[in-house]
Amino acid sequence: MTTPRDYICERILLTNDDGIDAPGLRVLEQVAAQLAPEIWVVAPRHDQSGTSHSISLHDPLRVSPQGEVQGAASGAASGARRFAVPGTPGDCVVMGVRHLMAGRRPDMILSGVNRGGNLGVETVFSGTVGAAMTGMLLGIPSIALSQVFVAGQDVPWDTARTLAPGVIRQLAAMDWAAEACLNVNFPACPPSEARKMLLTSQGLGLMDGVDVVTGTDPRGLPYHWLTLTRARLADDAGSEAAGVAAFHVTATPLRFERTHDSTLAAMRAGL
């Protein structure tokens with residue numbers, strides 16, 4: 001049973017990109033209940049995968065209560081603390097911090113647990129990571145969490161459920177810059193087979209492009225579906241993809257700054 005001295009902070013805001021009904025969000029609620037007495041959930045009404053850290057500037061946002069947080073402590077955390085927003089993960093973070101929790105800012109934002117890894121270049125597109133980036137922009141320590149799985153097999157949710165509380169406690173005890181959020185991936189194995197957490201670099205990951213799948217609907221009209229293409233790429237030994245492939249939990253600090261320094265220097269030299 002969690003006691004107050006086991007908590008790492010007073011209140012945590014949860015979100016995701018898979019939607020308010022996603023199983024990974026329920027896992028995260030169970031995890032967060034071990035870390036803080038007051039848990040809030042503000043998540044997209046529908047799947048918002050691939051939306052990165054976009055926010056809605058041209059459409060109104062309507063918030064609908066979804067009841068109580070699973071596993072929350074009694075007292076301060078009881079009551080309607082779950083909300084659905086018909087927008088992006090970034091929208092959810094802003095609505096949570098600036099509106100629903102106005103005057104009681106969260107001490108931490110957790111995003112996930114995503115169904116599938118967020119590794120390498122794919123983090124640029126990820127709504128799970130995008131929510132953490134938005135939290136970072138608002139000055140709140142933020143962590144994105146994803147559960148890797150093997151295609152055709154069940155998602156090993158118990159790995160994230162079992163390991164995430166300890167991993168988050170470990171990361172919360174470390175110093176990381178205000179200009180960084182953390183991207184955590186749990187390996188595709190039972191929790192008993194997972195190896196210690198590694199601090200990793202982003203690396204290339206598994207995404208090698210975006211493709212278009214075209215078909216015809218029942219009315220004879222063409223449709224086009226964007227899909228990410230993946231392949232096993234040659235990646236650095238200290239990268240996220242290499243770490244989870246070896247069954248490690250990985251944690252990578254990410255930032256907004258994307259300047260390609262060597263190209264900038266070469267271009268300046270050519271002026």
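How many bridges join S6 to strand S7? I looked this up first, keeping in mind that the model is predicted. I found 5 bridges between S6 and S7 (residues 181–186), and the two strands run parallel. I then picked out a facing pair: Gln 147 stands opposite Phe 186 in S7. Next I followed the chain from S6 to S7. It passes through helix H4 (residues 157–172), and this β-α-β crossover is left-handed.

**Entry: the other side of S6**

I turned to strand S5 (residues 108–115). S5 pairs with S6 in the parallel sense, over 5 bridges.

**Entry: is S6 covered or open?**

I checked burial along S6 (residues 142–147). The strand is mostly covered, with 6 of its 6 residues buried. I recalled a rule: in a regular strand the side chains alternate between the two faces of the sheet. I sorted the residues of S6 by direction. Ser 142, Ala 144 and Ser 146 point one way, while Ile 143, Leu 145 and Gln 147 point the other way. Both sets are buried.

**Entry: the whole sheet**

I traced the strand order. The open sheet has 9 strands, in the order S3-S4-S2-S1-S5-S6-S7-S11-S8, and its pairing is mixed. I marked S3 and strand S8 (195–199) as the edge strands, since each pairs on one side only.

Then I looked at S2 (residues 38–44) and S4 (residues 82–85). They run parallel and are joined by 4 bridges. Val 42 has Phe 83 in S4 as its bridge partner.

**Entry: helices on the sheet**

I looked for what helix H1 (residues 23–32) touches. H1 packs on the sheet and touches strand S1 (11–15), S2, S4, S5 and S6. Its direction makes about 140 degrees with that of S5. Helix H2 (residues 89–100) lies across S1, S2, S4 and S5. H2 runs at about 140 degrees to S2.

**Entry: Ser 64**

I ended with one residue. Ser 64 sits in strand S3 (residues 64–65). Is Ser 64 buried or exposed? Its relative accessibility is 17%. The cut-off for buried is under 20%, so Ser 64 counts as buried. I also listed its neighbours. Leaving out residues up to four places away in sequence, Ser 64 touches Arg 45, Arg 82, Phe 83 and Ala 84. The side chain of Ser 64 also makes a polar contact with the side chain of Gln 66, at 3.2 Å.

Notes. Residues are numbered from 1 along each chain as its sequence is written. This is a predicted model: local features need pLDDT of at least 70, side-chain atom pairs count only at pLDDT 80 or more; totals for chains, interfaces and linings use all residues. Side-chain values use heavy atoms; hydrogens and water are left out. Buried means under 20% relative accessible area, exposed over 50%, partly exposed in between (1.4 Å probe, protein chains only). A polar contact is a pair of N or O atoms within 3.5 Å; within protein, one must be able to donate a hydrogen and the other to accept it, and residues adjacent in sequence count only if both atoms are side-chain atoms. Contact means heavy atoms within 4.5 Å. Two strands pair if DSSP finds at least two bridges between them. A crossover is right-handed if, with the strands pointing away from the viewer, the path from the first strand over the helix to the second runs clockwise. Axes are lines fitted to C-alpha atoms, for helices over the stretch in contact, and angles run from 0 to 180 degrees between N-to-C directions.
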